[in-house]
Amino acid sequence: MRLDDPTLESGAPDARNAWLVEAVRNQIAFMRAKVPFWHERLSKAAVDERRIESLADLALVPILTKEEFRAAKPTQLVPEENLLELKICRWTSGTTGRPTVNFWSETDWAALVASTARMLGRQAPMQGPTVFNAYSQGHVTGPVYNGALRRLGAVVYDRSHHPEELFSTFAQTELFDFDTLVLPAQTARGKGVGLVNLLDEDPQFLTRRGVRWWIGSSGTFDAETINRAREQGVQVVSNLYGSSEFAPFAISCPKNPGDYHVAQGHLLAEVVDQTGMPVENGQFGRIVVTHLCGMDENGQARLHGGTQILRLAAGDGATFLSEPCTCGLTTPRLRGVQRVGTTS
């Protein structure tokens with residue numbers, strides 16, 4: 001399976017699911033053999049990857065909570081033989097508890113970038129966009145957008161590491177010509193700068209700069225802000241969903257903007273009930289995510305080599321939709337994403 005193949009989201013679900021099952025089995029076998037943390041956890045739960053014959057069989061694997069994830073030392077979750085191959089590390093700080101730490105190997109990072117490019121490539125309103133990437137390069141999302149958009153042939157100007165406040169952001173945007181803006185609508189807990197802040201300061205900012213494509217990843221993409229953007233000539237609004245542990249892994253549907261299409265491959269996202277069983281189509285449950293694949297230079301899937309995450313509770317819940325979408329994609333969708341906590 002090629003992780004850079006755009007038909008991964010439009011092909012037959014049964015064939016894709018069969019490939020995902022095989023990838024999960026291979027990853028679990030690798031984790032058991034190479035990571036003592038997972039050897040102990042899987043053995044305690046009597047999990048044998050050979051018993052996983054469908055995605056529903058992943059219910060055999062206990063959910064990993066954020067508290068358990070934080071309690072493990074970062075290197076406990078990385079195969080020792082891969083420590084010299086790590087490309088990037090990002091720390092996160094939640095509202096409580098110590099930060100989580102995630103490592104990606106060279107091939108893991110390539111898979112993440114390729115998957116993000118697959119998501120964005122279908123929605124690009126132009127070829128070879130010129131981009132101002134206003135995301136912090138200290139957060140995992142900043143360099144992911146850089147790599148993904150460059151993969152699509154874009155020229156990308158990244159914001160500097162100056163303080164993320166209004167004056168600095170405006171000053172940097174004035175340095176470049178661009179038709180694509182990467183920026184959240186609003187930032188969490190009022191920190192940093194979002195598009196709402198720019199429009200409140202300069203109501204014609206998007207028109208004046210000629211922005212045609214607005215990209216971000218935030219639950220704050222409300223209808224009012226999207227309408228403000230469209231009224232100023234923005235043709236496409238692409239809102240991605242993810243977390244600090246996984247980076248973006250789903251993108252808003254152009255036909256049904258409240259739904260997010262999941263980009264399975266570099267990871268596996270499930271929606272499960274309180275027992276860990278995958279929910280049925282149309283049911284609400286918790287989102288759990290597994291780091292699944294890296295990608296070699298030929299686009300072929302490889303084992304994920306960095307931080308090994310298996311069924312980690314993202315802290316969010318959503319309604320799971322499995323039927324093909326009116327937009328033509330066949331991947332699962334998440335609807336009504338909301339915070340549900342990480343402990344149970």
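Guide: R2 is partly exposed, with a relative accessible area of 36%; buried means under 20% relative accessible area, exposed over 50%, and partly exposed in between, for a 1.4 Å probe and protein chains only. Its salt-bridge partner is D4, and their closest N and O atoms are 2.8 Å apart. D4 is likewise partly exposed, at 23%. The term salt bridge denotes a side-chain nitrogen of Lys or Arg within 4 Å of a carboxyl oxygen of Asp or Glu.

The model is predicted, so local features need pLDDT of at least 70 and side-chain atom pairs count only at pLDDT 80 or more, whereas totals for chains, interfaces and linings use all residues. Residues are numbered from 1 along each chain as its sequence is written, and side-chain values use heavy atoms, leaving out hydrogens and water.

Across the whole structure, a search finds 21 salt bridges. One of them pairs R208 with E174, at 3.0 Å from N to O. R208 belongs to helix α8 (residues 205-209) and E174 to the loop between α6 (166-173) and β5, so this pair ties together parts that are 34 residues apart in sequence. Helices (H or I, at least four residues) and strands (E, at least two) are DSSP runs, numbered from the N terminus. R208 is partly exposed at 44%, and E174 is partly exposed at 43%.

R302 and D296 form a further salt bridge, with closest N and O atoms 2.7 Å apart. Here R302 is partly exposed, at 43%, whereas D296 is buried, at 10%. Finally, salt bridges with shared partners join E174, D177, D202, R208 and R209 into one network.
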